[in-house]
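This report is meant for someone meeting the structure for the first time. Please keep the sequence and the model at hand while reading.

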Amino acid sequence: TTQIAFHNAGKVFQTSSGPVTALEKIDLEIDKGEIFAVIGYSGAGKSTLVRLINGLERVTQGTVFVNGIDITHLPEGKLRSVRREIGMIFQQFNLMRSKTVYGNIAYPLKLAKWSKADIQARVTELLSFVGLTSKAWVYPDQLSGGQKQRVGIARALATRPSVLLADESTSALDPETTQDVLALLRRVNEELGVTIVVITHEMEVVRAIADRVAVLDSGQLIEGGSVDEIFENPKAATTRRFVNTITHYDPEPGEIERLQAARPGATLVSIRSVDPAEFGRCLAVIGADSEVSFEIVRGGIVQVKTRSIGSFTVALDGPAGAVARAETSLREVAGLAEELTRGEHALDTPAPGRHELGEEPD
Ligand code: ADP
């Protein structure tokens, strides 16, 4: 069944410099129990879409349904019960610094006038669900970004909403932590049956978590479908740009052998971005004996997954057929590529420490 629906919905803001169309002719149905992603560049209308779902903004055209209720003209008083069904998490977590983890999670329950005993039972349960039982009495400042977002998720789930809106919820996190938070969101969906709407500008997030995705461009939904469909056959130019931010590459056997001869235990990986204007050609050296975490890549195909221009994940075939993964920053890889492409001599020079595995991206 449908949980959230937009029918020919539009939003025009009246500003001092004239009307601004934020959304136009939006037709969208999000099903109960699915993870639905909305992807778009800055200014595409993503935040406006979120604000229309929780009733913080009203459409200027068309209709919006949440949980079967037409909220288009619903009075503010009645919106409150609709909002109780909707949890939200944010890019900057939006925790209260003056309250402990426990206090942050308990807060929406206090507002909903739960009894002290019920609050305690619920917060205890949520702390355990997000793995933060030992942090109950810690203040947000003492938590890592990933832990803060887990508090955010627990707080959003406190009143048992049926929908969770995740607005750029991993954009402030590093790739590793992003994966942890996305894994937790998947559990929220699978174990608690919560419908999740993921708002993002990162195709990597879409691929990691969503069942379906809609692409928002200049206020219009230009393409939508299952994530697999969109990846295999992106139609609109904007969709292709998003898909292409996830770079595919094949190591060139000749280069690998050459490098391995020069640096035993190392593997040379040639990374070719689908969008050469953006990334050019990169080469990365990765010590196969370094400490790495492994990630299985489809059918042995080696992939580079870019999260952003700044940093990405390198995956490659290791010596024993394993797939190694390393975080690095594009700038460093590009610098290394330059060194390596200068000629044979560079290949004989071990890469400086900063290029080695396990280094934090800056
Ligand atoms: P996104 O979240 O994808 O970055 P937004 O929904 O914030 O996009 O914005 C979409 C468009 O609507 C932008 O052109 C933005 O300037 C405009 N907009 C958003 N909110 C307002 C507002 N309150 N008043 C006027 N214009 C707005």
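Which residues of H5 are buried? They are Gln147, Lys148, Gln149, Arg150, Val151, Gly152, Ile153, Ala154, Arg155, Ala156 and Leu157, and the model in which they are found is a predicted one. Because 11 of the 13 residues of H5 are buried, this helix is largely enclosed by the rest of the structure. Helix H5 itself, residues 145-157, lies across E6 and E7 and runs at about 165 degrees to E6. Its length can be checked as well: at 1.5 Å a residue, its 13 residues should span 18 Å, and this agrees with the end C-alpha atoms, which are 18 Å apart.

**The chain as a whole**

The protein chain has 362 residues, of which 37% count as buried, and its secondary structure comes to 13 helices and 16 strands. Among contacts between residues at least 6 apart in sequence, 62% join residues at least 24 apart.

Strands E6 and E7, which H5 lies across, belong to an open sheet of 6 strands with mixed pairing, in the order E6-E7-E8-E3-E9-E10. Strand E6 (86-90) and strand E10 (220-226) stand at the edges with a single partner strand each, so one side of each is left without a neighbour in the sheet. From one strand to the next, the twist averages 15 degrees. Within this sheet, E7 and E8 run parallel, and Leu164 is placed opposite Ile196 in E8.

The largest nonpolar core holds 69 residues, and the members that touch the most others are Val197 and Val198. If neighbours within four places in sequence are left aside, Val197 is in contact with Ile30, Phe36, Val38, Val163, Leu165 and Ala166.

| Strand pair | Residues | Direction | Bridges |
|---|---|---|---|
| E1 and E2 | 2-15 and 18-31 | antiparallel | 10 bridges |
| E7 and E8 | 163-167 and 195-200 | parallel | 5 bridges |

What surrounds the ligand? The shell consists of Phe13, Thr15, Val20, Ala22, Gly40, Ser42, Gly43, Ala44, Gly45, Lys46, Ser47 and Thr48. The elements that give two or more residues to this shell are E1, E2 and helix H1 (46-53), and the largest share, 3 residues, comes from H1.

Notes: Residues numbered from 1 in each chain as written. Predicted model: local features only at pLDDT ≥ 70, side-chain atom pairs only at ≥ 80, totals over all residues. Core = buried A, V, L, I, M, F, W, Y, C linked by C-beta atoms within 7 Å. Buried ≥ 20, exposed ≤ 12 C-beta atoms within 10 Å, placed from the backbone. Contact = placed C-beta atoms within 7 Å. Pairing = 2+ DSSP bridges. Helix = DSSP H or I, 4+ residues; strand = E, 2+ residues; numbered from the N terminus. Axes fitted to C-alpha atoms, helices over the stretch in contact; angles between N-to-C directions. Expected span 1.5 Å × (residues − 1). Near = placed C-beta within 6 Å.
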